[in-house]
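Before turning to particular residues, please look over the sequence and the fold together. The questions come after the display.

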Amino acid sequence: MRAAGLARMLAVLLVGAGLLLAGGCQPAVEEGTPDNPYRIVWYTIGTPQKDLKLVEARLNEYLREKIGAELDIRMIDWANYREKMNVVLISGENYDLCFTASWSNPYEQNAMRGAFYPLNDLLDRYGQGIKEALDPRFIEGAKINGQLYAIPANKEIGQQVVYRINYDLMTKLGFSLSDFRPLAGPDSLRSLAPYFQKIREQYPGYTPYAIFGNMNYLMGDMDFILANSGLPGAVRIEQGNYKVFNQYEDREFQEYFRLYREFYEKGYIAPDAAQIRDDQSIIVSGRWGADYAGYQPYADNIWSAAMNMKIVSFPEFRPIVTKNSVMGSMMAISINSRRPDIVMKFLNLLNTDPYVRNTIQYGIEGIHYQKIAANRIEFLPGHANYEMPGFSLGNLFITYLVPGDPDDKWERFREWNDSAVSSQILGFHFDHTPVTAELAAVTSVMNQYGPGLFTGQSDPGVALPKLNQELKKAGLDRLLAEQQRQLDEWVKNRRQ
Amino acid sequence: MSVRATGGWRLRKNTAFLLMVLPGFIWLVLLKYLPMGGIVLAFKNFHFARGGFWQSLWESSWCGLQNFEFLFASQNAWIITRNTILYNLVFIVTGTILALAIAVALSELLNRRLAKLYQTCLFFPYFLSWVVVGYLLLGFLSFDKGAVNGMLGQFGWQPVQWYDQPGVWPYILSFINLWKNAGYNAVIYLAAIMGIDRQYYEAAEIDGAGKWQQTIYVTLPHLYKLIIVMVLLAVGRIFSADFGLFYQVPLNSGALYPTTDVIDTYVFRSLMYTGDIGMTTAAGLYQSVVGFILIMLVNKVIKKYDRESAMF
Amino acid sequence: MFKTGRRGVGQVSARGNLLLNLFLFLLSAACVYPLLFVLMISLSSNESIAANGYRLWPGQFSFGAYQYMFTIGQQIITSYGVTIVVTVAGTVLSVLITSLYAYAIARDDFRYRKFFTYLAIIPLLFSGGLVPFYMVSTQLLHFRNSLLGLIMPLAFNSFFIMILRTYFRAGNIKPLIEAAKIDGAGEFRIFFRIVLPLSLPGVATIALFSAFAYWGDWYNALLFIDQPSLTPVQAMLMNIQSNLQFIIQNSTNLSAQAFDLLRNMPTDAARMAVVILATVPIILAYPFFQRYFIRGLTVGGVKD
């Protein structure tokens, strides 16, 4: 009897909880008017800002009139964004808009599993401004099987690895930028060797080549199926040759590892490079010679200001448009959004309306910044309460110039974008579901050998054959075959 | 009449107990048992659907044991399983012994103020995150700047690349685990020792027992049940490892994997790219099921010898 | 120093005491040393870290790391406030819930004790995972941007339950309970008036562990809080550290603009300053709990 009572109590609790869970679907009312605006819940990346609600309120006045919408912006800090969004997405939380990219809240994986709303029709109907504003390669590159699932931000379209040089040290040692070979792949890196040797001799406590165990830097003449993850699967950029291969068996690619090893043995790379996760202390202290980074026009200015020392750079390779580079910063609409049409209207404004775009990035005029020319602003003290990461918030080319920016900044961006070469597999997105187990095992093997190879701590003569052998055991052949199969199909469909 | 009175009393008493467990019960149902429905994910190929989580779960296709495959696909499956179990066994044995030793020592110390000071100090490592421990250890073991190699150099020995020496890491990790957790676990035993009636010691002393004998014949028997509970709980986690200890402290050095890779780090590394929720859940379920079976077995063995001490 | 005058029954000899002191001193030194190390690194200049690595005595002192922390100013004070409120409220709540539950299942005459014991143990082994937990917490319980989201998830702990249950069963409380029952006291009265005071060392242990858990918790903040005014100090400091690593490791993906963010990022010294700021307050609070261990001792010895 009492046991039955207990069971009943349990049942009541469970059912009650279930009802509460199922609830929450309100009946639809007329929404999307200035009087009854639709609330757009927007998750975006970055450190939450103190004045966010203030700016949001100011912007909402405008948006209510314009498109009958209001924003509810939720910022999630950089390092947490990926994990948090994974939970938000899978739990089916009600949100409308979110930041997505190749490197956080991953676009391909989420779009393929159906987390995002398909945008082709919406874009045609409400997003004409976006189509005009964006380099078409952004949209083509981001489409998955012909369907777009997120709007890329208009910014630098290609990726280009450059070697950054500590300018003061370079001049002190009698070198100039012209001593190094740009655009020569591994030979560019090799051309730094005399400079590194000089540092080693004259500044023994310095780190000539300040790198650490990261796997996503090498470019070469190829594009990678799994983006910048360092995982195997590559295709040449523009030969009409769609053969998928394992880059770790490629001679040119292997050349980098031999160079790293050479640099490591000569003491150009820190002995613990594979173990450290960041080198901020070394960089800030100025006791380093060179490292590498991704480029955009006038990046040297940004780096110099950020590190408080003069930085110059030279490129290792031409700028290349890859799916990784077009997926650098995007915005997706949730599959569960009740009014994707209104959200798309907002995205259109964000990419075309300078008032909306600049308010979201720089805040309120008179509080956070003041205008000093039509297209140029200065920051006010209030800026400290509202510092947003501009590249994550849509079309950069309509944003104001800030102190330190040259007048021709956005023209130079356009020129640079035009000069970038497209990878021949731009727009191909790999669906990993048929080989999930293999991919997991391969990822694990890469993480085991990668950091050692990418810092020269491991001897490539020993580690590379070992790596490739382990990769094979982990199912590399099946992974590559699946990549090849999907790529061939994609090529065939595109030709039709 | 008296029977009915007793019955009513018993009912009232059970009601009182039911009221006592009610807050915890509600908590358990809401925050633990309701979410357990998510275990189904381990057998599903998760795909989003309009309408939220349950809808997605419902519409996702079943995939049998496919999500578990990656756990056994690697040729390292045996190594990570072996490492996980061996480390846990070593941790259980050494951890229990050291925590008991500290607790007994603290309780016997004549100067209470010193005892408090020691106790506070022993807790310090508990507050350091594994990330920080990893950095500090690198401070000691760094090839060119580390204190250990500096010392070796003074003796004229060659510096060692410690993050390339899998052989020494079982000792390092076991030591670090002790160092980090002993203070915490000692407090649990210390509190139990505080609860022992002093009369037992007096009686033992009158019988001529020395301090060592008192510890063996009075203190330990009183802690016996607590030790069993602690060990049993640890046994339930024997297939799981402290992720931070095995990932952050060896700084994820590939060369060390033969002796530092455990199930949790392997799962984390493998799913870094795909982030597959089904496989994550499958790995957790696998660890849970093995832990559950082990805990039941051990409990049964204990029950056979000593009914009173078994956990359930 | 050695109160030999009061040396009564069951006390160690002076020589034994010395040995125990030696044992504990060495262990304590091993535990204090790293924290001292952390403190000294936090006071080192970037130059001396880049040149010499971590040193117990830095070549060059600098308060730069702490100055950096205080540029955050108001936020750090707000966050300490949040943490203190959550820790105090949460500890009280969790001790109450945990000890009531543990006591009930410790009593042999509770009819359903087995059921509720199993009920508490199973979650130690099986978990539905993060996503369903998040869903229940946000959609059913509305923990988003609420202090409840920081308090409730840690308010009950099966591990503590099992320890406390053992304390309650092992204690020499049973005869007192029987006596109270004969006097006609209700179960709650017995619990609060007799059991709780007599079990202070055990309850204080659980309180201590709860307080530590609340103090150190950043994960629930990650899940539920995105307003700076509700961010606890651990989450805030954790974010400062992890952002740095994240941005540097993704620097080729993030486009050069992200480097602007690095301007505000801490170095090794600041990372260690973070540890000091996050740890020292709770260490200072520890002696407060120790009082109860000592009181427990005297309660145990009342019958001398």
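The questions and answers below concern a predicted model, and they take up a strand pair, a nonpolar patch and several salt bridges.

Q: Is strand 10 of chain A largely enclosed or largely open?
A: Strand 10 of chain A covers residues 311–315, and a residue counts as buried when its relative accessible area is under 20%.

Q: Which residue of strand 10 of chain A stands opposite A:V162?
A: Strand 5 of chain A, residues 161–166, pairs with strand 10 of chain A in the antiparallel sense, over five bridges. Within strand 10 of chain A, the residue that stands opposite A:V162 is A:P315.

Q: Which helix supplies the largest share of the nonpolar patch?
A: The patch, of about 460 Å², is made by B:L19, B:L22, B:I26, C:L96, C:F188 and C:F192. At least two of its residues come from each of two helices, namely helix 10 (187–198) of chain C and helix 1 (2–33) of chain B. The largest share, three residues, comes from helix 1 of chain B.

Q: What is the relative accessible area of B:I26?
A: B:I26 is found in helix 1 of chain B and is one of the residues that make the nonpolar patch. This residue is classed as partly exposed, because its relative accessible area is 33%.

Q: How many residues apart in sequence are the parts tied together by A:D72 and A:R39?
A: The side chains of A:D72 and A:R39 meet in a salt bridge, at 3.1 Å from N to O. A:D72 is buried, with a relative accessible area of 6%, whereas A:R39 is partly exposed at 45%. Both belong to a network of salt bridges that also includes A:K53 and A:E93. Since A:D72 lies in strand 2 of chain A and A:R39 in strand 1 of chain A, the parts they tie together are apart in sequence by 33 residues.

Q: Where in chain A does A:E249 lie, the partner of A:K472?
A: The closest N and O atoms of the salt bridge between A:K472 and A:E249 are 3.1 Å apart. A:K472 is in helix 19 of chain A, 223 residues away from its partner, and A:E249 lies in the loop between strand 8 and helix 11 of chain A.

Definitions and conventions:
Residues numbered from 1 in each chain as written. Chains lettered and ligands numbered in written order. Predicted model: local features only at pLDDT ≥ 70, side-chain atom pairs only at ≥ 80, totals over all residues. Heavy atoms only, no water. Buried < 20%, exposed > 50% of the residue type's maximum accessible area, 1.4 Å probe, protein only. Helix = DSSP H or I, 4+ residues; strand = E, 2+ residues; numbered from the N terminus. Pairing = 2+ DSSP bridges. Patch = residues over 30% accessible without salt bridge, like charges linked within 9 Å, V, L, I, M, F, W, Y side chains within 5 Å. Areas by Shrake-Rupley, 256 points an atom, 1.4 Å probe, with all protein chains shown as cover. Salt bridge = Lys/Arg side-chain N within 4 Å of Asp/Glu carboxyl O.
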